[in-house]
Amino acid sequence: MADLKERIARRCAKEFKDGAFVNLGIGLPTQVANYLPEGVTVTLHSENGFAGLAGMAEKGHEDVDIVNSGGAYVTAVPWVNYFDSATSFGMARGHLDATVLGAMEVAENGDLANWIVPGAKVAGMGGAMDLVAGARKVIVVTMHTQKGAPKILEKCTLPLTAEKCVSMIITEMGVMEVTPEGLVVKELHPDFSKEDIQAATGCKLIFADDLKPMEEE
């Protein structure tokens, strides 16, 4: 499982161009910071109040004053900038090139459900609703299924975070782009066939004419 999540994070890290301003959500998205390509400078935003996240802190070298929005110890780049929550959410609502978020469910039209399961206790909705409304690109990183059940569906069954907000989905099986025609598989990991990824998905997939192997390195 850890290797598959690393695969997803590594592939996602390739999406960002030099100079991009990107938010990483909690959970799997935070791992993306560890795999940014050499020579590419990306400023990573953490919604709890800083821009300049560098990656997860090594065990034994944690700084108790530097945590991400999920409460995990992280490191910061030399040019890090700390600010209050009002400033942080102001950035989230219109200044991000992209945000990377996890998901409970994603619909083929880009609807996202990632904040609550009815009846379950949650700490709060967090900033996902602001992030998906303000970022120019919304990338979902997630395992393709949950206990064998598809997470990518025709329609979400859980309460929505936002409608038609997702641009791209990256799983251990492949890279999918949300288009007006439907969900297009742009890259397929060599471990899986077209039949495998379709069987694990709760909606009809379209395979790109120039379908490529999913990159890991």
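# Close-up views of a predicted model

View 1. Most of β13 is covered, with 5 of its 6 residues buried; buried means under 20% relative accessible area, exposed means over 50%, and partly exposed lies in between (1.4 Å probe, protein chains only). The model is predicted: local features need pLDDT of at least 70, side-chain atom pairs count only at pLDDT 80 or more, and totals for chains, interfaces and linings use all residues. Residues are numbered from 1 along each chain as its sequence is written, and side-chain values use heavy atoms, with hydrogens and water left out. Helices (H or I, at least four residues) and strands (E, at least two) are DSSP runs, numbered from the N terminus. Two strands pair if DSSP finds at least two bridges between them. Strands β12 and β13 run antiparallel and are joined by 3 bridges, with M176 of β13 as the bridge partner of I169. These two strands form a hairpin with 3 residues between them. On to β14, β13 again runs antiparallel, here with 6 bridges, and V175 has E187 of β14 as its bridge partner. The hairpin from β13 to β14 passes through 2 residues.

**View 2. The open sheet of 10 strands.** The strand order is β4-β3-β2-β1-β5-β8-β12-β13-β14-β15, and the pairing is mixed. Strands β4 and β15 (205-213) form the edges, each pairing on one side only. From one strand to the next, the twist averages 30°; axes are lines fitted to C-alpha atoms, for helices over the stretch in contact, and angles run from 0 to 180 degrees between N-to-C directions. In general, strands of a sheet pair through backbone hydrogen bonds, either parallel or antiparallel.

View 3. Strand β5 (residues 98-101) pairs with strand β8 (residues 138-141) in the parallel sense over 3 bridges. Along this pairing, V100 has I139 of β8 as its bridge partner, and L101 stands opposite V140 in β8. The pairing of β8 with β12 is also parallel and has 3 bridges; in β12, I170 is the bridge partner of V141. Strand β8 is covered on both faces, as V138 and V140 on one side and I139 and V141 on the other are all buried.

View 4. Helix α1 (residues 2-13) has 12 residues and reaches 16 Å from its first C-alpha to its last, close to the 16 Å expected at 1.5 Å a residue; the expected span is 1.5 Å times one less than the number of residues. Its buried residues are R7, I8, A9, R11, C12 and A13. These pack against β5, β8, β12 (168-170), β13 (174-179) and β14 (182-188), where contact means heavy atoms within 4.5 Å.

**View 5. Two nonpolar cores.** A nonpolar core is a set of buried Ala, Val, Leu, Ile, Met, Phe, Trp, Tyr and Cys residues joined through side-chain atoms within 4.5 Å. The largest has 30 residues, and those with the most contacts inside it are L112, V166, I169, M176 and L183. Helix α3 (128-134) and strands β8, β13 and β14 each supply at least two residues of this core. Leaving aside residues up to four places away in sequence, V166 touches V106, G110, L112, V138, V140 and V178. Another core lies apart from the largest one and has 26 residues, among them A13, L24, V42 and I139.

**View 6. The aromatic pair of F50 and Y82.** Rings of Phe, Tyr and Trp (its six-membered ring) pair if their centres lie within 6.5 Å; planes under 30 degrees apart count as stacked, over 60 as edge-to-face and the rest as tilted. By this rule the count is 1 aromatic pair. The ring centres of F50 and Y82 are 5.6 Å apart and their planes stand at 45°, so the pair is tilted. Because F50 lies in strand β3 (residues 50-56) and Y82 in strand β4 (residues 74-82), the pair ties together parts that are 32 residues apart in sequence. F50 is buried at 2% relative accessibility, whereas Y82 is partly exposed at 45%.

**View 7. E215 in the segment after β15.** E215 lies in the segment that follows β15. With a relative accessible area of 41%, E215 is partly exposed. Not counting residues up to four places away in sequence, E215 touches R11, K14 and E187. E215 and V77 are 138 residues apart in sequence, and their C-alpha atoms are 27 Å apart in space.
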